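Hello,

Here is the structure for you to look over. My notes follow below it.

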Amino acid sequence: MIKLGVHPNFQKKYPPVLAIGGHDPSGGAGIIADAQTLLALGTWPLTLITCLTAQNTQFIKQVSYQPIEAFQQQLETLLADFQPAAIKVGVLGNMAIQETLANLLKRNTQTPVILDPVMASTSGTAFSNAALLTHLKECIIPFCTVITPNLPELEQLVPGESSIAAKAEQLLKLGCKAVLVTGTHNQTHTVKNLLFSESSNEPTVNRWQRLEGEFHGSGCTLASALAALLGRGEDLATASVKAQDYTWRSLEKALKLTEGQLLPLRLQDTNHA
């Protein structure tokens with residue numbers, strides 16, 4: 001049985017946050033993006049890699065998933081020493097890893113969990129299938145504090161012709177506490193993000209200036225920022241706005257180092273306290 005420790009959080013200034021996801025060697029997305037964001041927002045990144053990828057800012061060539069025995073051993077060893085203040089979940093990719101995560105969440109319902117439901121890369125590499133999606137909805141989403149789908153991911157989670165609000169409502173009915181839908185895929189002058197929660201009949205709307213270009217790891221940045229802020233004790237409404245603002249500023253400062261997507265610059269944020 002995997003269970004979080006009961007020992008106190010000795011370092012209040014940098015509470016540890018566990019990021020679970022894939023490794024992107026370009027540093028734009030995945031675990032490196034998570035770690036950069038978590039540290040910038042005043043938390044200590046604990047990282048557990050689900051898969052290694054051969055990728056750059058333009059495409060993914062190969063995905064190699066961790067052997068489940070190694071993954072479980074790393075998780076158990078890490079949690080024997082740390083008590084995460086929050087958990088951020090990205091690419092999972094196979095049933096054994098998803099089942100391990102589901103067992104962890106089921107036994108630790110007081111820890112905030114932020115799920116970035118990555119179904120596929122921008123270049124089209126699939127990270128999920130029908131069986132994994134069903135398991136995600138039945139065994140992981142019910143234990144999540146916030147899910148952060150973009151519009152294509154929302155459609156995959158809740159297919160059909162219903163509205164964004166109706167789709168979000170279906171996810172809330174599964175048991176999660178909130179759904180933050182990002183609107184970057186809509187071709188509008190501004191980006192409209194919608195926060196739906198079980199405690200409100202109407203979504204909270206946040207609009208952001210649309211930035212030019214395509215960005216590598218914006219979803220990772222947002223979900224990890226939420227994890228950091230919730231791990232630091234912020235309430236959901238405040239954390240949502242601050243996480244979106246941090247993400248927007250990281251994209252505004254993004255670097256053009258290759259011919260591919262821009263790389264968010266996730267510098268230390270002196271205003272996190």
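The largest nonpolar core has 38 residues. Such a core is a set of buried Ala, Val, Leu, Ile, Met, Phe, Trp, Tyr and Cys residues joined through side-chain atoms within 4.5 Å. Buried means under 20% relative accessible area (1.4 Å probe, protein chains only). Leu18 and Leu136 have the most contacts inside this core. Another core, of 23 residues, lies apart from it; Ile114, Val146, Leu226 and Ala243 are among its members.

Leu136 touches Leu92, Gln98, Leu115, Met119, Ile141, Pro142 and Leu157, leaving out residues up to four places away in sequence. Contact means heavy atoms within 4.5 Å.

The model is predicted: local features need pLDDT of at least 70, side-chain atom pairs count only at pLDDT 80 or more, and totals for chains, interfaces and linings use all residues. Residues are numbered from 1 along each chain as its sequence is written, and side-chain values use heavy atoms, with hydrogens and water left out.

Next, helix α3. This helix covers residues 95-106. Helices are DSSP runs of H or I with at least four residues, strands are E runs of at least two, and both are numbered from the N terminus. Asn94 caps the N-terminal end of α3, with a side-chain oxygen 3.4 Å from the backbone nitrogen of Ala96. Buried residues of α3 are Ile97, Gln98, Thr100, Leu101, Ala102, Leu104 and Leu105. Their cover includes β1 (16-23), β2 (44-55) and α4 (130-140).

Overall, the protein chain has eight helices and nine strands. Of its 273 residues, 51% count as buried.

Best wishes

Notes
The expected span of a helix is 1.5 Å times one less than its number of residues. Buried means under 20% relative accessible area, exposed over 50%, partly exposed in between (1.4 Å probe, protein chains only). A polar contact is a pair of N or O atoms within 3.5 Å; within protein, one must be able to donate a hydrogen and the other to accept it, and residues adjacent in sequence count only if both atoms are side-chain atoms.
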